[in-house]
Amino acid sequence: MGFNTHSDTQLNIRITRESRRTITIRVLPDGTVEVKAPRFVSRAAVLSFVDGKRSWIEKKLAQTARQQAELRNTPPLSDTELKELQKKARRVFADRAAYYGPIIGTDYGKITVRRQQSRFGSCSVKGNLNFNLALLLAPPEVLDYVVVHELCHRLEMNHSSRFWNLVEGVLPDYKRSKRWLKEHGSVIIARICPAKDR
Ligand SMILES: [Zn+2]
């Protein structure tokens, strides 16, 4: 599936009916377009809704295809590699937090590094920071972005414009890292959480 914008491209659509009020569309890793729709909306209306989201769907399909190709080229890490990465991770995150903490003007609690399926970082109310081991497989500026993001939550426990201004003040280019995570995040997570673990 490429960047094909002709509306005659055949989509693999699966419609499921639920007692819900809105239509949602999701592109699954295998390229299926999963549509969840309320029971009271006609099939024609659902398809026309899907057609209106065509360019978004095609962008998602292209992104999914790229991720799948990347995944085939990057095998999961072995247990030994994971152990070594975990050892290195402690030091890396401690260093980066110690570097950015004073710049942002905040302290923090304990740092933990875990293998996680969906989150790259979190910050507890007490200030404990938790990071995803997968970030060690990302470019250093992306890892830094997640560290800065969580440290900024020490000052703003939300994603308000004040929060993003804080992040931008430290990392003017943070949006690029955010985009990188969106596009490649699932691939680095797959490398530390092989399919058999899911
Ligand atoms: Zn956040």
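1. The crossing of α2 and α6 is right-handed (a crossing is left-handed if the near helix is turned anticlockwise from the far one by less than a right angle, and right-handed if clockwise). Helices here are DSSP runs of H or I with at least four residues, numbered from the N terminus.

2. The model is predicted: local features need pLDDT of at least 70, side-chain atom pairs count only at pLDDT 80 or more, and totals for chains, interfaces and linings use all residues. Residues are numbered from 1 along each chain as its sequence is written.

3. Helix α2 covers residues 54-73 and helix α6 residues 174-192; their axes come within 9 Å and cross at roughly 30°. That angle makes α2 roughly parallel to α6 (angles under 35 degrees count as roughly parallel, over 145 as roughly antiparallel, 65 to 115 as roughly perpendicular and the rest as oblique). Axes are lines fitted to C-alpha atoms, for helices over the stretch in contact, and angles run from 0 to 180 degrees between N-to-C directions.

4. On the α2 side, Gln63, Gln67, Glu70 and Leu71 meet Glu183, Ser186, Val187 and Ala190 of α6. By class, this contact has three nonpolar, three polar and two charged residues (Ala, Val, Leu, Ile, Met, Phe, Trp, Tyr, Cys and Pro count as nonpolar, Asp, Glu, Lys and Arg as charged, and the others, Gly among them, as polar).

5. Helix α4 (residues 140-152) packs against helix α5 (residues 161-170) at an angle of about 135°, with the axes 10 Å apart. This makes α4 oblique to α5. The crossing of α4 with α5 is right-handed.

6. Val148, His149 and Cys152 in α4 meet Phe163, Leu166, Val167 and Val170 in α5. The residues of this contact divide into six nonpolar, one polar and no charged.

7. Val170 belongs to helix α5. Setting aside neighbours within four places in sequence, Val170 is in contact with Tyr100, Ile103, Ile104 and Val148 (contact requires C-beta atoms, placed from the backbone, to lie within 7 Å). The C-alpha atoms of Val170 and Ile104 are separated by 7.3 Å, although the two residues are 66 residues apart along the chain.

Terms used: Helix = DSSP H or I, 4+ residues; strand = E, 2+ residues; numbered from the N terminus. Contact = placed C-beta atoms within 7 Å.
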